[in-house]
2 protein chains.
Amino acid sequence: MNPEHPCTAAEGHLKLRRLGIDTHQELVVYMRADCAVCRSEGFTAQSRVQIAAGGRTVLATLNVVHGDWLSHGDAGLSESAWRLLGAQEGQHASFSHPRPVDSLSAVRGKVFGHALSDESMTEIVRDIVAGRYADVDLAAFITACADDHLSSAETISLTRAMVAVGRRLSWPRTLVVDKHCVGGLPGNRTTPVVVAIAAANGLCMPKTSSRAITSPAGTADAMETLAPVDLSLEQMRAVVEKEGGCIVWGGSVDLSPADEILIRVERALDIDSEGQLVASVLSKKVAAGSTHVVLDIPVGPTAKVRSEQAAAKLTALFQEVARATGLAVRAELTDGTQPVGRGIGPALEARDVLAVLRQEANAPKDLRDRSLRLAGAVLEIAAVSRDGEGLAAATRTLESGEAWRKFAAICQAQGGMREPALAPHRQPLIARRKGLLSAADNRRLARIAKLAGAPRAPSAGVQLHVRVGDTVDIGQPLLTVHAESTGELAYAMDYVGRNNVFTIVEERV
Amino acid sequence: MNPEHPCTAAEGHLKLRRLGIDTHQELVVYMRADCAVCRSEGFTAQSRVQIAAGGRTVLATLNVVHGDWLSHGDAGLSESAWRLLGAQEGQHASFSHPRPVDSLSAVRGKVFGHALSDESMTEIVRDIVAGRYADVDLAAFITACADDHLSSAETISLTRAMVAVGRRLSWPRTLVVDKHCVGGLPGNRTTPVVVAIAAANGLCMPKTSSRAITSPAGTADAMETLAPVDLSLEQMRAVVEKEGGCIVWGGSVDLSPADEILIRVERALDIDSEGQLVASVLSKKVAAGSTHVVLDIPVGPTAKVRSEQAAAKLTALFQEVARATGLAVRAELTDGTQPVGRGIGPALEARDVLAVLRQEANAPKDLRDRSLRLAGAVLEIAAVSRDGEGLAAATRTLESGEAWRKFAAICQAQGGMREPALAPHRQPLIARRKGLLSAADNRRLARIAKLAGAPRAPSAGVQLHVRVGDTVDIGQPLLTVHAESTGELAYAMDYVGRNNVFTIVEERV
């Protein structure tokens, strides 16, 4: 027996069938209980199976089929496995036991408190991208790294490993700016305004944004209601060469493929990790070829970062990992006590952005102010403005209409600008008492928007009619839930009925 | 809208179809991409869907079907979902968004370092048993509790919660003995001998054993090659009333249903936790109605418990949780430096047990000695023997043939005794150097047995021909791998070829 190919003797062959079963990214193979390969290999339900066809191999989870809808001699693949294997209908494939995934030992070590080495982290990320981790393995890795369980050294390793497995862009310009919000604040959609102002000032800002992880909308989700965002790298490059900036979805240009896989399970678990957050953000910045990055870190009791102390700790980790990966980073701690703008959800947030850029009278002032502050920081970190003069320069760019013209040009270059849709089903929440609105719960607002269908349903979400500090009257609408299906509207309204979103206190005269 | 039934308006109906897809315990529902329910509810691949039919509800993960093999108006169920729902072919079912599983917030809290309260633990275990946790949720819970992350208070809560969701047995006798090995030592199959000796001495020992978690065989797996072990509670009770003892699979009498679900994912992850270990063991003892328990804790560098210090810590946790749940526990720390007996794998271990009980000349001495020591401890904790006299009493019971006759009677009462099968495919590992066999790697031996198919293939495993301290010659067989399929034999032998199992050192004269 050739020790290099131990499974040759044991391999069985079957013909591949596309079953059209969408399991999202989990790779699943369907085989008959009485199939010769299952019998000779001893495969049973949930066995991990290595499938080889046409020079490619994938590792899939077995679902055993009883009954005759799958023919003898055939093996079915989920859509995800079909795509990753690049399979053809009826193609012959061989099935064997996978070698143990060695990097899983390192994950178990981490669970038991042992630090992950640079080499282990590289192996883990490589195996994740190769589809060798089952969903439960991904869940264990994410959980073991959650909170602050990754050291800064491990976070640096993870960042580098995530860069290494994806593409890395280079630009004709030596100075490439970027901005990033660490999230946790519904409606904080400043990116389109900042990119427009930076590009209008001659900077190179090839912005790749993510879709929502645990929030009702990511920048890519909101931007997609205004223009196409799933551009190829070549298309993205053309937009940036023409206009200086772009706002596209990072996943479609394959900048950090590991991140897209981890994000899916993080979303299912609703678990974020400090180290994975930093690695996710900075790996994309390095991969995107950025050199100077402004970070927006909203701080507030119901934001992702809940205290100044936590913000300082996170900022220090960002700075340390940035130094190790050759980035210049500037952190802006911003107000995270309530949502920004009025809309929560892709299309509703895009409407707020348009209002700011078009300088409409009803444009949300808070979104405008934050966008200008961050744009000012970008102008300063890039030395377009002197320290302390960035905000004024950014404001001039917006008020002159240059920012709006630049944004429209970018949308045009990305494939054409469109107006965000309005959801067909809407229902208000009416105030049942009068008084001072003293607090809003960001997390519950985000949950309502998600229950209403955001971000998958782009026009779904929450439209706020009041802000903290407002005085409200009985019968006044506080918010309106928008949904694309009646089921989701009912479900979100049920949650609204059972949970306090706003704190309204009696006003003393 | 009725706040108690918020989803009524949004519910859609489809007819249930049994697709015959075995996903093990993960609950999966298959719905057409163009089905009205998916559209109105906004379900997509991996959505969690609540299915109600005939007064029962289950929570399943959605796989979206493209193509026509699933008819309009139909929804398919995996075997697991079909069983849990008790569905009928063509039965009408309603589909809705599940309420958020509140206990998952507590799991997330635990991930972020917050202790789990008694109430939270109860909710978590209840939701797990109700099938409300997806596999990734189970993986996160297990990972968050791994190592020593559960406090003794949390372990007590978990133990009580696991008892509460299953059946709890009572026996006509006030003194009910039990023994348990914490595992980690291949071939350590003393239970059948201990039960036979205890029952022959008039004790009540209704033993429920588990199947393998991460090992090549559990006691239930080995016992199953000698007699039926999946007895109903009524059948188990009849055996114990007739013979005083039994050795059955705990899962089939529903003593700790949460444990069976957790074990499946622990096995996939190959992650054990101290707190979950103690809760798993003691919850089953309490549920089984035991009052006095002897624990076998093997200690050795490649056993589950690696040092005296770790054993002392684990013993202290066992004692604390036992006190809180009304059990008397005695811990026996035993030699865990090498496998016990000669066989590793269900049938091979059963053969060793038979040789001891039948007092065959070639019976493994180490298995005999350990069994007698533990049986002696059982006789002492139950006050059948005075302290220090248990071992002698146990030895008399074995040597008189009483133990063997009692064991045969128990097997007969459980449904009939049988001889364990011999695997059709076998291959030896031959010594390539001579010298003193100074060490054996338990973990690698266990892995070889598992790669060969154990415990799923009952006759698969490893037969050892040497022990630590033996002198070996070139050409001498060290072990034989047994397998039920050629694929598994090849795979196990490949691992044998690539990894050192034994340390053989040159002997100095």
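Let me begin with a convention: a crossing of two helices is called left-handed if the near helix is turned anticlockwise from the far one by less than a right angle, and right-handed if clockwise. What we have here is a predicted model, in which local features need pLDDT of at least 70 and side-chain atom pairs count only at pLDDT 80 or more, while totals for chains, interfaces and linings use all residues. Residues are numbered from 1 along each chain as its sequence is written, and chains are lettered from A, with ligands numbered from 1, in the order in which they are written.

With that convention in hand, helix H4 (residues 118–129) of chain A and helix H6 (residues 152–164) of chain A pack at an angle of about 40°, their axes being 9 Å apart; axes are lines fitted to C-alpha atoms, for helices over the stretch in contact, and angles run from 0 to 180 degrees between N-to-C directions. Helices and strands are DSSP runs numbered from the N terminus, helices being H or I of at least four residues and strands E of at least two. H4(A) and H6(A) are therefore oblique to each other, since angles under 35 degrees count as roughly parallel, over 145 as roughly antiparallel, 65 to 115 as roughly perpendicular and the rest as oblique. The crossing in which H4(A) passes H6(A) is right-handed. On the H4(A) side, Asp118(A), Met121(A), Thr122(A) and Val125(A) meet residues of H6(A), including Leu158(A) and Ala161(A), where contact means C-beta atoms, placed from the backbone, within 7 Å.

Turning to the sheet, there is an open sheet of four strands in chain A, with antiparallel pairing and the order S13-S16-S18-S14; two strands pair if DSSP finds at least two bridges between them. Strands S13 (343–344) and S14 (425–430) of chain A stand at the edges, each with a single partner strand, so one side of each is left without a neighbour in the sheet. S13(A) is joined by two bridges to strand S16 (residues 461–464) of chain A, with Gly343(A) opposite Gln463(A). Helix H18(A) lies across S14 and strand S18 (477–483) of chain A, running at about 150° to S18(A).

Finally, the interface: 58 residues of chain A are in contact with 57 residues of chain B. H18(A) gives the most to the side of chain A that touches chain B, namely eight residues. Across the two chains, S2(A) is joined by two bridges to strand S5 (residues 56–65) of chain B, and these strands run antiparallel, with Asp22(A) having Val64(B) as its bridge partner.

Methods. Contact = placed C-beta atoms within 7 Å.
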